[in-house]
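User: I'm new to this one and would like a close look at a single part, the open sheet. Could you walk me through how that part is put together and what surrounds it?

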Amino acid sequence: MSQTSNSVLVVEDDPDVRRTAQVALGYHVARVEAVESLDLLEGALAATVFDAVLLDMNFVIGERSGAAGLDGLARVHAFDPTLAVVLMTAYGGVTLAVDALKRGAADFVLKPWRNDKLVAAVTAAAQLTHARRKQETLQLDALERSAIERALTRHHGNISSAAIALGISRAALYRRMSKHGL
Amino acid sequence: MDSRLSDSGRFTRAVAVRAVIVAGLTYLAIQLFATTHFYATAVLVAGVAALVAVDMGSVISQAARAAERDLERLAIEGSDVPTAAAMSTRLGFSADRAAAVLNAARAERLRQTDFLLGLLDTVTAALFVVAPDGKVTLVNRAARALAATAVADFQAIPSFGPAVARSLLALAPGAREVITLADGQRMLASAARFAAPGHALQRLISLQRIAGELDAVELRAWQDMANVLAHEMMNSLTPIASLSESLEQLLRSNQEASGAVEVIKRRSRGLMDFVERYRAIADLPAPRPQIMAVAALLSDIDRLLAPTFLEKHIECRARVEPPDAAVNADPQLLEQAVINLLRNAADAVRDSRPARIDISCRTDAEFVSVEIADNGCGVPQANRDQVFVPFFTTKAGGSGIGLNLARQVALAHGGQLVFRANEPRGSVFTLTLPAANAAALKSASRDQRSSSPEPASAAPAAAPRE
């Protein structure tokens with residue numbers, strides 16, 4: 001698998017596992033950052049635009065419910081709904097995996113992992129993020145286009161009044177109209 | 001009624017007449033003696049009075065004797081109303097009431113006996129009361145079901161077998177012991193001794209079905225421990241397995257180092273395979289039971305395994321009795337369990353000629369038992385306790401999870417899976433599951449009639465020509 005320009009955030013409490021994930025992913029993604037707890041999650045997400053998050057499900061020794069991971073998943077999505085999350089756990093229950101996927105995880109990796117499977121899951125998650133972001137941009141463009149169209153119709157094709165109604169300059173409206181091919 | 005009245009009246013009259021005659025004659029004799037000098041006549045009259053008095057005495061004592069006989073008969077024969085009536089005819093007094101009191105007491109005693117016997121029948125443990133000569137004097141319903149035949153001689157109960165029966169009879173009072181029945185079921189046996197008035201010293205043997213409860217507890221404890229161990233193991237294994245893969249790529253130029261890393265990688269892969277097998281049995285999904293016909297299940301499985309059986313020259317026959325036997329179980333889990341048992345049997349008969357697997361099915365009110373018997377290599381005595389131990393296997397390349405998984409499926413349904421040796425060779429696995437009644441099955445299959453096969457066909461499996 002060739003290296004991509006993706007950047008990945010690893011959230012894992014075990015330092016050895018954290019380092020291992022960084023090494024395993026290092027050859028395949030441009031940048032791997034790792035944090036040790038969910039407390040640092042939002043800070044890391046704010047500092048860098050990541051393409052995927054690899055998130056451990058259990059942060060407390062003896063805790064195997066995966067509740068912490070599901071909480072982290074919700075927090076990532078609250079911060080950035082487009083960012084795809086791969087969950088990982090050593091205590092792999094089918095039920096837990098199904099639950100995680102239902103709550104919007106992109107994939108589910110069991111520890112110990114095989115490197116190629118981990119890389120595949122993370123790469124696919126990054127692609128999902130890209131697709132979602134592209135979709136979001138498209139939606140934004142479509143929104144803008146339909147707003148301009150509505151304004152133009154309402155003002156019977158009068159560019160000046162439409163620009164005033166949209167709260168932008170005439171020149172800016174011309175630029176946007178040519179971008180949308182209107 | 002009339003005759004009774006007249007009978008009782010006759011007795012009263014006879015006594016009264018005689019009493020009056022005796023009184024009259026006595027008075028006459030006294031008068032003759034006191035006022036006249038006819039002493040001889042007076043003596044004669046007194047003599048006649050005495051004779052009548054003797055006669056009256058004999059009438060009374062006759063009636064008393066008859067009454068005594070009647071009472072005896074009443075005591076022996078029980079609530080015999082004609083006897084009571086006859087008695088009251090002879091004795092005018094309230095014999096009816098005496099009989100009624102006696103009968104009520106007896107009825108009360110019978111009611112109490114019925115109540116106690118009924119109570120014994122509700123006890124889930126099988127109870128046998130055994131006399132010193134080995135004869136069974138009392139059993140409850142569970143014991144009758146366990147013995148399956150009419151119980152007379154304790155040692156002759158077929159479901160025990162002579163050896164188990166002997167050890168049960170030898171149990172010291174108060175002792176408890178886990179025994180294995182002829183069909184492989186495990187039970188907790190305990191013994192007590194008691195003396196009832198008028199009886200010799202009796203022995204009470206109680207047998208409690210324990211497999212389900214005990215196995216479930218054992219299983220949960222094992223799973224809890226294994227889960228903690230596995231979690232730690234997997235966390236530690238993660239860097240070893242992953243880093244050795246990464247290092248191998250890094251060290252491609254250095255042959256010695258990459259050879260060393262290759263070993264680490266290989267061994268950690270081995271551990272990972274083990275972990276993956278472990279996951280298969282540690283995380284059995286909770287069963288979603290539905291009512292399903294045993295015959296349909298077996299014929300589905302047969303379709304799946306028939307090519308394998310044909311190829312390996314294994315004759316597999318199934319007999320479902322009754323043909324509409326149905327269980328309340330999760331179809332996927334149960335199918336997996338039966339497939340595991342059949343695969344195990346197929347492996348066992350690999351070197352048998354002819355190779356046979358017999359599937360039979362029995363039902364009682366609560367449970368359906370599916371028996372899978374083979375004439376294969378069997379399990380050596382030393383390994384019999386380990387048949388269901390996870391990861392235990394005697395086969396090269398065996399995973400040791402098939403039978404354990406099947407047993408977990410049985411336990412998850414509130415049933416059980418037991419093993420016993422087959423005669424003359426091979427193994428028998430008995431899978432017991434909660435029964436669903438036939439009516440429930442009919443209403444359940446009404447919606448999905450299309451796929452339900454002929455129940456009586458009972459999966460006639462591949463029968464090679466060899």
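Analyst: Of the 466 residues of chain B, 28% count as buried. Keep in mind that this is a predicted model. Chain B holds 12 helices and 12 strands. If you take the contacts in chain B between residues at least 6 apart in sequence, 60% of them join residues at least 24 apart.

Now to the sheet. In chain B, 5 strands make up an open sheet, and going across you meet them in the order β2-β1-β5-β4-β3, with antiparallel pairing. At the edges sit β2 (136-139) and β3 (176-180) of chain B, each of which pairs on one side only. From one strand to the next, the twist averages 30 degrees. As a bit of background, strands of a sheet pair through backbone hydrogen bonds, either parallel or antiparallel.

Let's zoom in on one pairing. Strand β1 of chain B covers residues 126-130, and its antiparallel pairing with β2(B) runs over 3 bridges. To find a spot there, look for Val129(B): its bridge partner in β2(B) is Leu138(B).

The sheet also has a helix packed on it, namely α6 of chain B, residues 162-169. Helix α6(B) touches β1, β3, β4 (186-195) and β5 (201-209) of chain B. Compare directions and you get about 175 degrees between α6(B) and β3(B).

Last, a quick look at a helix in chain A. Helix α1(A) takes in residues 15-26, and at 1.5 Å a residue its 12 residues should span 16 Å; the end C-alpha atoms are 16 Å apart, so the two agree. Which residues of α1(A) are buried? They are Val17(A), Arg18(A), Thr20(A), Ala21(A), Ala24(A) and Leu25(A). Looking down the axis of α1(A), these buried residues fall within an arc of 160 degrees, so they line one face of the helix. The general rule behind such patterns is that an α-helix has 3.6 residues a turn, so residues three or four places apart point the same way.

How values were computed. Residues numbered from 1 in each chain as written. Chains lettered and ligands numbered in written order. Predicted model: local features only at pLDDT ≥ 70, side-chain atom pairs only at ≥ 80, totals over all residues. Pairing = 2+ DSSP bridges. Helix = DSSP H or I, 4+ residues; strand = E, 2+ residues; numbered from the N terminus. Axes fitted to C-alpha atoms, helices over the stretch in contact; angles between N-to-C directions. Contact = placed C-beta atoms within 7 Å. Expected span 1.5 Å × (residues − 1). Buried ≥ 20, exposed ≤ 12 C-beta atoms within 10 Å, placed from the backbone. Arc of directions from axis to C-beta.
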